[in-house]
Number of protein chains: 2
Amino acid sequence: MEYQPFQKSMLALGQAPSVIRETFEYGLRRSKEIGRENVFDFSLGNPSVPAPDSVHGSIRRLMDEVDSVQLHGYTSAIGAEGTRQAIANRINSQFGTKVSAADIYMTCGAAASLTVTLHAVLCPGDTCMTFAPFFPEYRVFVEAANAKLTVVPADLDNFQMNLEAFGQLITPETKAVIINTPNNPTGVVYTEENLRRFCDILRAKEAEYGHTIYLIADEPYRELVYDDATKVPYLPDLYDDTFVCYSYSKSLSLPGERIGYIVVSPKMKDNRLVYAAVCGSGRALGFVCAPSLAQRVVAENVAATSDLSVYKRNRDLLYQSLTEYGYRCIYPDGAFYLWVQALEPDANAFCKKARDFELLLVPSDSFGCEGYIRIAYCVTTEMIERSLPAFKKLAEAYGK
Amino acid sequence: MEYQPFQKSMLALGQAPSVIRETFEYGLRRSKEIGRENVFDFSLGNPSVPAPDSVHGSIRRLMDEVDSVQLHGYTSAIGAEGTRQAIANRINSQFGTKVSAADIYMTCGAAASLTVTLHAVLCPGDTCMTFAPFFPEYRVFVEAANAKLTVVPADLDNFQMNLEAFGQLITPETKAVIINTPNNPTGVVYTEENLRRFCDILRAKEAEYGHTIYLIADEPYRELVYDDATKVPYLPDLYDDTFVCYSYSKSLSLPGERIGYIVVSPKMKDNRLVYAAVCGSGRALGFVCAPSLAQRVVAENVAATSDLSVYKRNRDLLYQSLTEYGYRCIYPDGAFYLWVQALEPDANAFCKKARDFELLLVPSDSFGCEGYIRIAYCVTTEMIERSLPAFKKLAEAYGK
């Protein structure tokens with residue numbers, strides 16, 4: 001093998017341009033030129049509401065009451081017993097499941113939940129599948145685990161999972177499927193019917209191929225749903241061989257604190273062996289343990305969420321206004337993204353045009369789907385109100 | 001390739017017995033039987049002194065003064081600018097170097113510093129070297145990066161780096177060398193002379209092989225030295241192609257908070273490309289960013305350390321007493337470990353015998369060196385005082 005001065009695939013990742021980051025940085029420059037109040041940046045999926053007060057309350061109390069060496073010491077690699085038990089109790093009371101503390105592995109957030117899970121189950125030659133549009137880091141994480149990502153094209157009617165295409169694309173090499181509901185970037189929540197049919201296909205393919213196909217449910221947005229009628233089914237109820245990858249980044253507005261968990265469903269085949277592989281994977285990747293103070297904080301706040309009413313207000317305002325201006329918007333049941341059809345076929349050109357009106361939007365191409373834009377509405381309602389005339393003018397520029 | 005239900009190498013890691021953990025758990029059981037005060041557990045390298053008061057002061061002030069969304073939000077993947085600048089300033093004032101914020105990459109602790117660095121530079125077919133005795137996770141991290149670990153046997157006279165053996169074992173496949181000073185498990189600080197000769201060999205081999213050989217300085221114990229005369233040379237001063245992997249786990253007693261950094265030496269060949277590969281590696285492994293609150297805390301505490309006087313007192317007491325009882329102890333300039341020759345050739349048998357006297361010690365085999373034991377003296381001085389009669393009786397049982 002030819003000598004390489006360093007790992008070229010990592011260099012490529014480190015140098016890869018990010019349209020989201022580029023848009024955000026353009027926004028910072030533009031704000032300096034024309035004033036921050038005149039730039040409407042909808043590019044970043046960063047929570048805009050504070051953590052619930054109980055989070056800082058927990059931190060203060062823990063510092064007062066717990067010995068520093070204990071509070072900031074290593075926990076067990078799988079996470080503190082008390083934290084895992086509190087999370088298991090919460091899950092069981094929400095979903096009527098029988099998850100135990102021993103099924104839970106604490107992680108440094110959603111990305112770590114995914115990389116640890118993927119490295120535990122994927123072997124070279126394996127395929128992992130996902131549904132477009134999808135969070136682009138899935139490709140990075142799957143390829144880092146020496147496996148191949150197969151993307152199922154979007155169902156452009158309603159952005160539910162395209163099960164017909166899935167059934168055609170799945171092969172005996174398929175070891176795992178990542179799904180994300182509520183979805184980034186569409187805000188769509190997959191219906192129970194869509195999920196049940198999907199799980200039926202998985203079970204049939206497990207039988208046909210004679211091996212396990214893991215379902216990896218990436219659920220950082222689980223708590224972010226806005227209508228009482230919206231139900232986000234719990235995947236381990238529908239399919240035994242399920243991992244749930246969770247993060248408190250969005251529900252508690254703590255994205256920088258890197259705290260989340262993996263559930264290895266107690267009903268999964270070889271549950272104890274797979275859980276051990278998860279432990280090995282976390283060790284090999286260098287995670288050691290999830291941040292210890294944050295573990296204690298989430299144990300005390302498993303049932304809390306940030307004030308999500310702002311997101312609901314934002315969603316309603318944007319969806320109604322943009323629809324009224326002539327945009328085709330996909331109704332978002334959850335997350336904090338609005339998925340809108342671009343007013344010309346090339347979403348990149350459309351986003352460039354939107355900048356003429358100081359609207360910073362993210363084109364859909366990087367999510368594996370052309371011709372749409374993502375509007376992250378985790379911003380102030382007041383900014384949305386100020387941005388509406390710009391959205392109206394943009395539509396008018398396209399003859400709407 | 002034959003179907004595997006999950007990644008067997010990860011399962012093996014997840015199931016691997018750990019003599020340190022087993023010893024620790026034996027200690028917990030034994031404490032229940034005979035009382036905690038009668039068990040002398042020297043197995044774990046966990047800081048036993050609290051974080052400096054300024055750490056909790058910083059956390060309280062940050063919660064009071066900084067907006068929650070900012071405080072707990074994502075930082076840039078490389079770390080917050082202010083944190084990286086504070087660390088660069090601290091390094092430059094300590095060592096007279098010219099490190100800039102752009103040379104620093106914030107990590108989730110020492111293990112992450114190592115895995116991110118190794119995945120950035122190692123390619124399949126590469127070899128990484130290290131010196132026995134060594135922290136056993138080096139093997140796990142190197143193999144997870146699809147490379148091979150070559151261990152240079154110990155210099156049993158003084159546990160400095162065995163440079164003669166190193167010169168014989170290095171090959172053109174050697175891409176990197178990990179060194180750890182102050183050393184876990186020996187507590188030895190490599191002398192400037194030993195390090196200079198080592199770097200001369202590295203430079204000669206770089207010229208001979210026509211490619212870069214990276215020096216990875218694993219430095220979680222840098223601040224833990226106990227004699228004014230002890231100097232811990234700064235590796236980037238001695239060798240251009242150096243990474244420094246640092247952690248605040250020991251210096252600030254925050255091992256559970258997972259906060260550290262990598263310095264990519266500004267003098268390293270292709271510094272900007274290698275730094276980009278580090279960014280790609282952190283991204284691929286799922287780190288996203290180092291914990292945000294902890295980043296701000298270390299920025300305000302770069303010059304602080306926990307009260308290290310306890311460790312010094314413990315070292316002096318143990319070293320003097322055990323030497324007096326007839327043990328051969330390697331004098332530890334730093335870290336919080338005492339390295340002692342077992343009183344019979346088989347260190348495992350010796351540790352088993354020690355349990356008869358309620359002494360929980362770690363045999364040296366897992367560190368790549370037979371016939372020694374590691375005593376972690378990050379415990380209370382009072383426990384050491386109570387343990388001394390047991391060490392004396394153990395020596396007497398071997399006729400000392």
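E358(A) is partly exposed, with 17 other C-beta atoms within 10 Å. In this predicted model, the residue sits in the loop between α14 (347-355) and β11 (359-360) of chain A. Its phi is near 65°, a positive value in a residue other than glycine. A335(B) also has a positive phi, near 55°, and is likewise not a glycine. That residue lies in the loop between β9 and β10 (337-341) of chain B. With 30 C-beta neighbours inside 10 Å, A335(B) counts as buried; the cut-off for burial is 20 or more. Most residues other than glycine have a negative phi, and most peptide bonds are trans.

Two cis peptide bonds in chain B deserve mention. One joins A132(B) and P133(B), with omega about -10°. P133(B) is placed in the loop between β3 (127-131) and α7 (137-144) of chain B. Another runs from T181(B) to P182(B), with omega near -5°. The loop that holds P182(B) lies between β5 (174-180) and α9 (192-209) of chain B.

The contact between the chains was examined next. In chain A, 67 residues are in contact with 67 residues of chain B. Several helices of chain A each supply at least two residues to the side that touches chain B: α1 (8-15), α3, α4 (68-71), α6 (110-121), α7 (137-144), α11 (271-285) and α12. The largest share of that side, 11 residues, comes from α11(A). By class, the side of chain A that touches chain B has 40 nonpolar, 23 polar and 4 charged residues.

Helix α3 (residues 53-65) of chain A has 13 residues. At 1.5 Å a residue, the helix should span 18 Å. Its end C-alpha atoms are 18 Å apart, which agrees. The buried residues of α3(A) are V55(A), S58(A) and I59(A). Seen down the helix axis, these buried residues fall within an arc of 100°, so they line one face of α3(A). On the other side, D53(A), D64(A) and E65(A) are exposed. The cover over the buried residues of α3(A) includes α12 (292-300) of chain A, together with α3 (53-65) of chain B.

Strand β7 (residues 242-247) of chain A is largely enclosed by the rest of the structure, because 6 of its 6 residues are buried. T242(A), V244(A) and Y246(A) point one way from β7(A). F243(A), C245(A) and S247(A) point the other way, and all are buried. Strand β6 (residues 214-218) of chain A pairs with β7(A) in the parallel sense over 4 bridges. Here T242(A) is the bridge partner of L215(A). β7(A) is also joined to strand β8 (residues 260-264) of chain A, by 5 bridges in the antiparallel sense. Across this pairing, F243(A) has V264(A) as its bridge partner, and V244(A) stands opposite V263(A).

β8(A) is mostly covered as well, with 5 of its 5 residues buried. G260(A), I262(A) and V264(A) are buried on one side, and Y261(A) and V263(A) on the other. Strand β2 (residues 104-107) of chain A runs antiparallel to β8(A), joined by 4 bridges. In that pair, M106(A) stands opposite Y261(A).

An open sheet of 4 strands in chain A has the order β9-β10-β13-β12, with antiparallel pairing. β9 (329-330) and β12 (362-363) of chain A stand at the edges, each with a single partner strand, so one side of each is left without a neighbour in the sheet. Strands β10 (residues 337-341) and β13 (residues 372-376) of chain A run antiparallel, joined by 5 bridges. V340(A) stands opposite I373(A) in β13(A).

Chain B has an open sheet of 4 strands in the order β9-β10-β13-β12, again with antiparallel pairing. Its edge strands are β9 (329-330) and β12 (362-363) of chain B, each pairing on one side only. β12(B) and strand β13 (residues 372-376) of chain B pair over 2 bridges in the antiparallel sense. V362(B) stands opposite R374(B) in β13(B).

The largest nonpolar core has 270 residues. Those with the most contacts inside the core are Y377(A) and Y377(B). Leaving aside residues up to four places away in sequence, Y377(A) touches F42(A), Y311(A), N314(A), R315(A), L318(A), F336(A), L338(A) and I384(A). In soluble globular proteins, nonpolar side chains tend to be buried together.

How values were computed. Residues are numbered from 1 along each chain as its sequence is written. Chains are lettered from A and ligands numbered from 1 in the order in which they are written. This is a predicted model: local features need pLDDT of at least 70, side-chain atom pairs count only at pLDDT 80 or more; totals for chains, interfaces and linings use all residues. The expected span of a helix is 1.5 Å times one less than its number of residues. A residue is buried if 20 or more other C-beta atoms lie within 10 Å of its own, exposed if 12 or fewer, and partly exposed in between; C-beta atoms are placed from the backbone. The arc is that of the directions from the helix axis to the C-beta atoms. Two residues are in contact if their C-beta atoms, placed from the backbone, lie within 7 Å. Ala, Val, Leu, Ile, Met, Phe, Trp, Tyr, Cys and Pro count as nonpolar, Asp, Glu, Lys and Arg as charged, and the others, Gly among them, as polar. A nonpolar core is a set of buried Ala, Val, Leu, Ile, Met, Phe, Trp, Tyr and Cys residues joined through C-beta atoms within 7 Å. Two strands pair if DSSP finds at least two bridges between them.
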